[in-house]
Amino acid sequence: MAKEVDQQQHFPLCLCPPTSLLAFFNNLHLLFCFSNLQFFLCLSFTLSMDKHHSHLPLAKCSRQQRYSEWVFRDVPSDIVIVVNGGTFSLHKFPLVSRSGRIQKLVAGHRDSDISMVGLLSLSGGAESFELAAKFFYGVDFENTAANVAELCCVSDYLEMTEEYSKNNLGSRAEEHLEVVVSKNLEMCVEVLKQCENQFPLADELKIVTRCIDAIASKACVEQIASSFSRLEYSSSGRLHTNRQAKCEGDWWIEDLSVLRIDLYQRVITAMKCRGVRPESIAASLVNYAQKELTKKSTSWNQSSQPKVDVVSGSDNHEKVVVETIVSLMPVEKLVVPINILFGLLRNAVMLDCTVACRLDLERRIGFQLDIATLDDLLIPSIRNAGNTLFDVDTVHRILVHFSQQEDNDEDIEDVSVFESESPTSPSQTALFKVAKLVDNYLAEIAPDANLKLNKFIAIAESSPAHARTIHDELY
């Protein structure tokens, strides 16, 4: 019997009886399961599992449904990331392998076995972190102009650099910004729009500056190309620019109107430094002002009622828009239509803009007053102590600016930011037109019982004596 047992113990595998083969495969199966268990334990990067974390919901159900599709379902989460707008129940291993910030936070609490990390200062909140979380788990998504600023900011905040993982999120976003976005004006504008939600980090990372420089450069190139397209030979064989042809290089004007006022200001300033035409700059300013100021303000409409309510502090945005638009106006004369100047002036008075802003508009209007209409001058009185129907003081200052054109050497002391050279004296035709306009204005304001006599006389005497051929209508 002993010899028989000994022979059974030394049977080769191919000659093993059925009972021995069954035991062998059972042991092999157990070994395979144990190996899989070790693999998942390493992947979860934890010493203890907290099953409660796998049931923590996100702030929004839609986000929870989305992220549950790509988070490991077979392994309970061992870390919760808390951001503004939601929480994410994830796994340490994929996070610490790509994020230097999370790696340091986890390593700093190794003794206490940290299970919750707060990233409340992350700009963009839950939406931004969701993009990073997808990258942690290897989910493929496209870099676009709509998300590249967000990716740059979240990767910088989480320290997702090449130091921690090759071809990390930061380098990918940077490459897309440099290779794709910076070559296209519309994409740069879209990135700037997205940067509004990523301040101040987007500005610190120079994303804003790079997009602004790219926009200014592209607009300048478009302008040069458009100028060449308008060159033609005259009948005498000389090359000249056809000013009648439509300028196709200003298509970007509409694109810039979606920007926030502070970013728009920086773009226009960069364009002026690059030498973009004053006419193009003025056209962009007019387009932006019309879009922003017609949203709430009734004073932009020239046919609005004389009396309007004083705006509340909630309209501070419109005040900033008016002051910024005026400060950006080209120094060249007559590039901004007079009806736009009057519209801005009405808003400036209603919104109580700075003195410099209002005086600059009054002076610009004065230089082309001969093409104004009576409706233009009927500016509602908002903060007039005399409670007059119309703002007579503003109109008087405009008339003074017009009459001062006769003396080119006169030193005008005001705080206006209009720094162009003194205009030539108005023509006799312009004087006659303004005198006729003043007389019509006097007839309009005369019935106002609250109008002081001295102000009425000041308006009447603002035009030179030789500007009126007759005084019949005035009397």
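Let me start with Q198 and what surrounds it. Setting aside neighbours within four places in sequence, Q198 is in contact with S123, G124, S128, E150 and C153. Keep in mind that this is a predicted model. Q198 sits in the loop between α9, residues 185-195, and α10, residues 201-204. Is Q198 buried or exposed? Its relative accessibility is 3%, and the limit for buried is under 20%, so Q198 counts as buried.

Two of those contacts, E150 and C153, take us to helix α7. The buried ones are V148, A149, E150, L151, C152, C153, V154, S155 and Y157. After α7 comes E159, which has a positive phi, near 60°.

Staying with Y157 for a moment, its ring has a charged neighbour. R101 lies over the face of Y157, 4.0 Å from the ring centre. There is another arrangement of this kind at F199, where R260 lies over the face of the ring, at 5.1 Å from its centre.

Now the whole protein, for scale. It has 475 residues, and 43% of them are buried. It contains 21 helices and 5 strands. Take the contacts between residues at least 6 apart in sequence: 71% of them join residues at least 24 apart.

Next, the aromatic rings. How many aromatic pairs are there? The count comes to 3. One that can be described in detail is Y264 with Y288. Their ring centres are 4.1 Å apart and their planes are at 15°, so the pair is stacked. Y264 belongs to helix α13, residues 261-274, and Y288 to helix α14, residues 278-293, so this pair ties together parts that are 24 residues apart in sequence. Y264 and Y288 are both buried. Elsewhere, ring pairs link F88, F129 and F136 into a cluster.

In the first, helix α15, residues 316-328, meets helix α17, residues 355-366. Their axes come within 10 Å and cross at roughly 50°. The two helices are therefore oblique to each other. The crossing is left-handed. Which residues meet there? From α15 they are V322, E323 and V326, and from α17 they are C357, D360, L361 and R364.

The second example is helix α19, residues 392-403, with helix α21, residues 453-460. Here the axes are 10 Å apart and the packing angle is about 25°. What does that make α19 and α21 in orientation? They are therefore roughly parallel to each other. Again the handedness can be stated: α19 passes α21 in a left-handed crossing. On the α19 side the residues involved are V392, D393, V395, H396 and L399. On the α21 side they are K455, A458 and I459.

To go back to where we began: Q198 is in a loop, is buried, and has E150 and C153 among its contacts.

Terms used. Residues are numbered from 1 along each chain as its sequence is written. This is a predicted model: local features need pLDDT of at least 70, side-chain atom pairs count only at pLDDT 80 or more; totals for chains, interfaces and linings use all residues. Side-chain values use heavy atoms; hydrogens and water are left out. Rings of Phe, Tyr and Trp (its six-membered ring) pair if their centres lie within 6.5 Å; planes under 30 degrees apart count as stacked, over 60 as edge-to-face and the rest as tilted. Helices (H or I, at least four residues) and strands (E, at least two) are DSSP runs, numbered from the N terminus. Buried means under 20% relative accessible area, exposed over 50%, partly exposed in between (1.4 Å probe, protein chains only). A charge sits over a ring if NZ of Lys or CZ of Arg is within 6 Å of the ring centre and within 35 degrees of the ring normal. Axes are lines fitted to C-alpha atoms, for helices over the stretch in contact, and angles run from 0 to 180 degrees between N-to-C directions. Angles under 35 degrees count as roughly parallel, over 145 as roughly antiparallel, 65 to 115 as roughly perpendicular and the rest as oblique. A crossing is left-handed if the near helix is turned anticlockwise from the far one by less than a right angle, and right-handed if clockwise. Contact means heavy atoms within 4.5 Å.
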